[in-house]
Amino acid sequence: QVELVESGGGSVESGGSLRLSCASNTAGSDTNCMAWFRQAPPKEREWVASISGGGRRQHYADSVKGRFIISRRNSLNTVYLQMNALSPDDSGVYYCASSPSKCNVTDRVTAWGQGTQVTVST
């Protein structure tokens, strides 16, 4: 029943920035952790960042640590991913995700966004 709607993807030059947004159609997002994953086919989907239900704890994959920031505004049922110092290695389809338990592995995710394309050129 939970639907996640993403926005903010697009094309950017190397070194640039983008901010992704993900809005839920339901209230109570403060009870679930939220996360961002990305996939560049044919590679498997990989975890990028996650944030706790209350927003007090954030975790990042080593590949994006220090460059990406995840945040949430529970009053708007929205999670964000600020991406800085982008490189072509960051290109892929980015997916918003939600879970009542664990947000950094795909088999524990209970709701996925539709995905938004991010392309970083040299």
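Modeller: We will go through some ring pairs and then a sheet. Keep in mind that this is a predicted model.

Colleague: How many aromatic pairs does a search of the whole structure find?

Modeller: It finds two aromatic pairs.

Colleague: What makes Phe 37 and Trp 112 an edge-to-face pair?

Modeller: Their ring centres are 5.1 Å apart, and the cut-off for a pair is within 6.5 Å. Their planes stand at 65 degrees. Edge-to-face needs over 60, so the pair is edge-to-face. Phe 37 lies in strand β4 and Trp 112 in strand β10, so the pair ties together parts 75 residues apart in sequence.

Colleague: Why is Phe 37 called buried?

Modeller: Its relative accessibility is 1%. Buried means under 20%, so Phe 37 counts as buried.

Colleague: And what makes Trp 112 partly exposed?

Modeller: Its relative accessible area is 30%. That falls between the cut-offs of 20% and 50%, so Trp 112 is partly exposed.

Colleague: Why do the rings of Tyr 95 and Trp 112 count as edge-to-face?

Modeller: Their centres are 6.4 Å apart, with planes at 85 degrees. The limits are within 6.5 Å and over 60 degrees, so this pair is edge-to-face. Ring pairs link Phe 37, Tyr 95 and Trp 112 into a cluster.

Colleague: Where does the charged end of Arg 45 sit?

Modeller: It sits over the ring of Tyr 95, 3.7 Å from its centre. The charged end of Arg 45 also sits over the ring of Trp 112, 4.5 Å from its centre.

Colleague: Now the open sheet of four strands. Why do β1 and β7 stand at the edges?

Modeller: The order is β1-β3-β8-β7, with antiparallel pairing. β1 and β7 each have a single partner strand, so one side of each is left without a neighbour in the sheet.

Terms used:
Residues are numbered from 1 along each chain as its sequence is written. This is a predicted model: local features need pLDDT of at least 70, side-chain atom pairs count only at pLDDT 80 or more; totals for chains, interfaces and linings use all residues. Side-chain values use heavy atoms; hydrogens and water are left out. Two strands pair if DSSP finds at least two bridges between them. Helices (H or I, at least four residues) and strands (E, at least two) are DSSP runs, numbered from the N terminus. Rings of Phe, Tyr and Trp (its six-membered ring) pair if their centres lie within 6.5 Å; planes under 30 degrees apart count as stacked, over 60 as edge-to-face and the rest as tilted. Buried means under 20% relative accessible area, exposed over 50%, partly exposed in between (1.4 Å probe, protein chains only). A charge sits over a ring if NZ of Lys or CZ of Arg is within 6 Å of the ring centre and within 35 degrees of the ring normal.
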